[in-house]
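Student: I have a structure open and would like to go through it with you. Could we begin with the interior?

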Amino acid sequence: MTTTSLNPVGSTNGAGAHRGPMIKSAWDMTAVADWALFLDVDGTLLEIAQRPEQVHVSERVMNILAVAEAFLGGALALISGRGIADLDRLFSPLKLRAAGLHGLERRGGDGVLENLGEAHLLDRLRGPLSELTDRYPGLLLEDKGLAMALHYRQAPDAEQEIKSFIAKLVADGEEPLTVLHGKMVVEVKQMDSNKGKAIAAFMAEPPFAGRLPVFIGDDVTDEDGFQVVNDLKGHSILVGDRSPTVARLGLPDVPTLLTWLERIAADPAAQNGIVREGL
Ligand SMILES: [Mg+2]
């Protein structure tokens, strides 16, 4: 394949001593109609906003999702840290298959919503976390019921204190909780789910089963998904240049991904099932 002018993420250069293994640009890939496509939302399909409720879903993104879902026979799912109710609100009127809250919620192939979470596990944390947000203007506590996220994009100086506060808070209890560190966000959720497990669950059921899994994401919490897709010999695609990563392919940013999705879902060669991976 050629990587041309798009600068594959993770490309080697002298300053990249701690970068992950070199990953190739996904730009020249051609989708085939037998893909199962899994898409992270924030930072992948949508540009990240100052506050999660401020993201903008353009008509273009809606169109891409609708066309790709039809092209793939329904084998498309959103894999997000947002709750599914939030995803449905964002992408209304589309009601896509989805894993929410990093896999704690899942609307599977049959459209039925499955909930793996127990909200009470987070009860002890609510008081202390809202006290913490009172101390830092700009710090935003997002209570998603089965997970709680502290966004410090508007209070970056508080990062270290937030991280130690949450680590101690979780360590002080007996609940099976885990802490996730994303882009300017720390999240607490219960332990036994992640994006990789959600993708594996989709791949075990129609219309995903038997297809080639492709997962596109941008953040640390997407790494479990990349790993599962790698294990299934699918394609793991990182948006942006975060490092290290187990993703094997990359695209530089959200606009490039959208253009790429528009092209692959409309490619007549793909619709004929001709495989041209170009890797
Ligand atoms: Mg993301």
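Student: Which residues have the most contacts inside the largest nonpolar core?

Tutor: In this predicted model, the largest nonpolar core has 51 residues. Those with the most contacts inside it are Ala36, Leu37, Phe38, Ala68, Ile79, Ile199 and Val214.

Student: Take Ile199: what is it in contact with, leaving aside its neighbours within four places in sequence?

Tutor: Ile199 is in contact with Phe38, Ile79, Pro213, Phe215, Gly225, Val228 and Val229. A second, separate core has 18 residues, including Leu122, Met148, Tyr152 and Val188.

Student: Gly225, Val228 and Val229 belong to α6, I see. Which residues of that helix are buried?

Tutor: Helix α6 spans residues 223-231, and its buried residues are Glu223, Asp224, Gly225, Phe226, Val228 and Val229.

Student: And what covers them?

Tutor: The cover over the buried residues of α6 includes the strands β2 (35-39), β3 (76-79), β11 (212-217) and β12 (235-239), together with α5 (195-203). After α6 comes Lys233, which has a positive phi near 65°.

Student: Turning to the sheet, in what order do the strands run?

Tutor: The sheet is open and consists of nine strands, ordered β1-β13-β12-β11-β2-β3-β4-β5-β6, with mixed pairing. The edges are taken by β1 (24-25) and β6 (113-115); each has a single partner strand, so one side of each lacks a neighbour in the sheet.

Student: How many bridges join β2 to β11?

Tutor: Five bridges join these two strands, which run parallel. Leu39 stands opposite Ile216 in β11.

Student: Where does α5 come in, then?

Tutor: Helix α5 packs on the sheet, where it touches β2, β3, β4 (97-100), β5 (105-107) and β11. The direction of α5 makes about 165° with that of β3.

Student: Stepping back, how many helices and strands does the protein chain have?

Tutor: The chain has eight helices and 13 strands. Of its 279 residues, 42% are buried. Among contacts with a separation of 6 or more, 58% are between residues 24 or more positions apart.

Student: What about confidence: what is the mean pLDDT?

Tutor: The mean pLDDT of the protein chain is 87, and 87% of its residues reach 70 or more. Over residues 1-20, however, pLDDT stays under 50, although the model has 37 contacts beyond four places in sequence for them. Residues 270-279 also have pLDDT below 50, with 20 contacts in the model beyond near neighbours in sequence. Where pLDDT is low, the predicted coordinates should not be read in detail.

Notes
Residues numbered from 1 in each chain as written. Predicted model: local features only at pLDDT ≥ 70, side-chain atom pairs only at ≥ 80, totals over all residues. pLDDT = per-residue confidence, 0-100. Contact = placed C-beta atoms within 7 Å. Buried ≥ 20, exposed ≤ 12 C-beta atoms within 10 Å, placed from the backbone. Helix = DSSP H or I, 4+ residues; strand = E, 2+ residues; numbered from the N terminus. Core = buried A, V, L, I, M, F, W, Y, C linked by C-beta atoms within 7 Å. Pairing = 2+ DSSP bridges. Axes fitted to C-alpha atoms, helices over the stretch in contact; angles between N-to-C directions.
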